[in-house]
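Subject: Structure handover

Hello,

Please find the structure below. My notes on the findings follow it.

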Amino acid sequence: MARSRWIYTDVLRIAAMIGVVLIHITAPIIGIRSDIGDIHYWWTAHIINAAFRWSVPVFVMISGALLLAHGRNESAMSFYRKRLGKLLPLFLLWSMIYYLWDLRKEMHSFNWDQLATGLVKGTLHYHLWYVYMIILLYLITPLLRVLVRRVPPRAVFYIGGAGLAFSNLATLAGWKSWSFVIDASSLPGYIGYFLLGYVLSRVELDKGKRRLLYGFGLLSFMAIAGGSHWILSTYPSANMYFYKYTSVPVLFTAAAVFVGVKQFGFRKATTGGPRLLSFMSSSVFHIYLSHVLIMEWLYERRPWDIIHGNPLGYVPIVAVVIMSLSLLINLAWLGSLYALKEIFKLAVRIFEERNSIHPLKDIYQYREMLRNMILKDLRTRYKGSALGFLWTFMNPLLMLGVYAAVFSFIMKADIPHFPLFILVALLPWNFFSQSISGGARSLVNHAELMKKVYFPREVIPLSVIGSNLVNYLLTLIILIPALWLSGIPLTATLSAFPIILLAQTLLILPIVMLSALGTVYLRDMEHIVNVLMVVWFYLTPVLFPLSLIPGSFRWVFDYNPMTPIIDAYRDIFLYGQWPDFGILLPMLFVLTVVNMGILAVFSLLQKHVVEEV
């Protein structure tokens with residue numbers, strides 16, 4: 001029997017997350033009322049902010065409704081292990097991220113003591129206060145469960161109300177209290193919301209009480225908007241009571257929203273119900289943690305005008321962008337966790353079957369087959385064409401002629417020997433892209449051969465790489481004379497060519513192996529690879545020097561493994577200088593280790609390839 005769950009809590013959680021994003025976007029405007037160019041713009045931002053002050057209290061109420069619900073009989077230790085085990089790793093990760101983010105802005109150096117102190121005191125970033133508050137609520141949840149099981153909902157309601165009343169009295173009276181991230185006087189109010197969420201999830205209010213609550217909620221919204229404006233106008237330095245999450249007006253708006261969404265029809269559905277809604281709801285905590293960082297990053301890149309800009313113009317757009325990017329980060333996080341889990345499983349399998357995995361030995365035993373498949377691919381590449389194998393030489397020759405005509409007479413470039421500048425990079429790029437594109441569909445193309453006879457499947461993608469490697473080497477017959485005829489000296493630095501070629505081949509091999517396996521299980525992989533190769537081409541300095549790339553985008557090219565390879569080819573062919581071995585040699589070492597792992601993985605997984613092709 002499918003387990004049922006509450007739909008309205010998912011709807012509330014998503015709505016509250018949208019509200020928190022809108023609060024953070026409009027918050028900077030509220031405190032600079034005197035600087036706003038048009039007071040109507042301030043009012044627009046203020047009304048948006050006031051309309052969603054219920055968001056954080058509703059988050060707490062949802063937690064109370066779910067965690068205090070009857071039927072949860074787990075022990076305190078089991079609860080802590082399950083809840084804090086999920087929350088604390090994310091909290092520590094994002095604490096580190098926000099600490100590094102603030103270090104970057106303040107130009108300070110990393111300090112472990114400072115990080116530890118900020119983590120303990122809760123001073124790393126203002127945005128993390130909510131997580132500290134939730135952790136405190138989690139710590140007392142087992143005690144609150146005992147309470148709600150021993151007293152009726154009415155008594156729980158009064159206890160929660162007392163906590164909220166205490167927080168309001170402390171704020172209005174100006175009582176000084178001990179502060180740890182949040183004021184100690186505010187904590188009873190959040191406990192009150194926690195208990196109130198439990199009560200409202202269990203109790204069904206009649207129509208008259210619901211209408212009364214909705215009326216108070218609407219009046220409370222008006223009180224938040226009008227009262228905050230009055231305080232800012234009359235007492236600019238006074239405490240913004242109406243904006244406080246534990247204030248009476250925010251309490252009524254939060255309760256009205258909670259009950260309203262619950263009564264609207266979002267009741268129970270089976271686990272096979274609205275999956276998108278469930279996924280969005282499960283992503284809310286990740287979005288909450290990441291959205292402020294994204295907001296600050298966006299504002300640095302393309303600041304919106306909070307002084308003269310109309311919030312109705314930029315707030316919705318910024319909110320959609322922030323939510324979308326936060327969701328993508330969550331997807332990347334979930335994907336990375338899944339990938340790590342699968343990699344761990346694969347590593348265990350490799351360790352268990354290590355005695356039966358000998359990819360290099362198998363490939364060596366079938367070296368004659370590999371050689372024949374390479375020759376066959378070279379013979380059939382231009383089969384049926386008039387020039388046949390001569391196209392291997394005609395292609396680079398024609399490309400050189402086209403580039404020479406275009407960049408010498410039509411689009412004159414300032415770079416010396418610009419046609420050769422492009423050709424020196426384009427030929428190895430063709431080797432790279434054609435090997436990957438051809439390798440992605442290689443196992444599928446040889447399905448019939450694999451079904452007829454056994455041989456190590458590694459031979460097939462390796463033959464694609466081998467044929468493209470031979471084709472690339474043959475194009476050098478055109479490139480070398482072209483360099484000499486252009487007056488470019490051929491120096492001893494050409495002896496570094498095998499090292500560069502080895503690094504490039506070792507980079508190609510794992511990509512081809514993985515894409516070939518991926519295409520067996522997902523035919524769309526071939527088309528995905530082709531699209532990615534187009535993107536990769538424009539992120540590689542083939543048609544232009546790196547000096548033309550703006551500094552803000554330079555990091556993309558710096559992290560591209562093809563960039564040092566292309567630069568190395570240009571160094572030895574065009575400039576007569578040695579490549580940067582400080583990059584190439586570590587790269588060779590890393591790629592060698594990666595290839596050993598990929599060959600082991602391929603050897604393990606290729607056993608089931610015939611069943612899938």
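Among contacts in the protein between residues at least 6 apart in sequence, what percentage join residues at least 24 apart? The figure is 81%, where contact means heavy atoms within 4.5 Å.

Two points on conventions come before the rest. This is a predicted model, in which local features need pLDDT of at least 70 and side-chain atom pairs count only at pLDDT 80 or more, while totals for chains, interfaces and linings use all residues. Residues are numbered from 1 along each chain as its sequence is written, and side-chain values use heavy atoms, with hydrogens and water left out.

Overall picture

The protein has 26 helices and four strands; these are DSSP runs numbered from the N terminus, with helices (H or I) of at least four residues and strands (E) of at least two. Of the 613 residues, 46% are buried. Buried means under 20% relative accessible area, exposed means over 50%, and partly exposed is in between (1.4 Å probe, protein chains only). The accessible surface comes to about 31400 Å², and 68% of that belongs to carbon and sulfur atoms. Areas come from the Shrake-Rupley method with a 1.4 Å probe, and for residues only the protein chains shown count as cover.

Salt bridges

The count is five salt bridges, a salt bridge being a side-chain nitrogen of Lys or Arg within 4 Å of a carboxyl oxygen of Asp or Glu. One of them joins Glu204 and Lys262, with the closest N and O atoms 3.4 Å apart. Glu204 is in the loop between helix H8 (187-202) and H9, and Lys262 is in helix H10, so the pair ties together parts that are 58 residues apart in sequence. How exposed is each partner? Glu204 counts as partly exposed at 45% relative accessibility, whereas Lys262 is buried at 2%.

Another salt bridge is formed by Arg371 and Glu368, with the closest N and O atoms 2.6 Å apart. Both lie in helix H15 (residues 367-381), and because they are three residues apart, about one helical turn separates them. Arg371 is partly exposed, with a relative accessible area of 43%, and Glu368 is partly exposed with 43%.

The side chains of Asp558 and Arg554 also meet in a salt bridge, at 3.5 Å from N to O. They sit four residues apart in helix H23 (residues 554-558), so the separation is about one helical turn. Asp558 is partly exposed at 49% relative accessibility, and Arg554 is partly exposed at 32%.

Cavity

How many cavities of 30 Å³ or more are there? The count is one. A cavity is a set of points, on a 1 Å grid over the protein atoms alone, where a 1.4 Å probe fits but cannot get out; lining residues have an atom within 4 Å of a point. Grid points are joined across faces, edges and corners, and a volume is the space filled by probe spheres set on the points. The largest cavity holds about 30 Å³ of space. Its lining consists of Leu200, Val203, Glu204, Leu205, Val259, Lys262 and Gln263. Helix H10 (residues 248-263) gives the most to the lining, with three residues.

Surface patch

Leu212, Phe216, Leu218, Leu219 and Met222 make a nonpolar surface patch of about 520 Å². Patches are made of residues with over 30% relative accessible area and no salt bridge; like charges are joined within 9 Å, and nonpolar side chains (Val, Leu, Ile, Met, Phe, Trp, Tyr) within 5 Å. Leu212 lies in helix H9 (residues 207-234) and counts as exposed, at 54% relative accessibility.

Individual positions

- His417 is in the loop between helix H16 (391-410) and helix H17 (418-440), and is partly exposed with a relative accessible area of 38%. Not counting residues up to four places away in sequence, His417 touches Ser486 and Ile488. His417 and Gly487 are 70 residues apart in sequence and 9.5 Å apart in space, C-alpha to C-alpha.
- Ile39 is in helix H2 (residues 39-51) and is partly exposed at 35%. Ile39 and His308 are 269 residues apart in sequence, with 9.7 Å from C-alpha to C-alpha.
- Gly122 is in the loop between helix H5 (112-121) and helix H6 (129-150), and counts as buried at 14% relative accessibility. The C-alpha atoms of Gly122 and Ser95 are separated by 9.4 Å, and the two residues are 27 apart along the chain.

Regards

Terms used: 1 Å grid on protein atoms, 1.4 Å probe; cavity = no way out; pocket = protein on both sides within 12 Å on 5 of 7 lines; lining within 4 Å.
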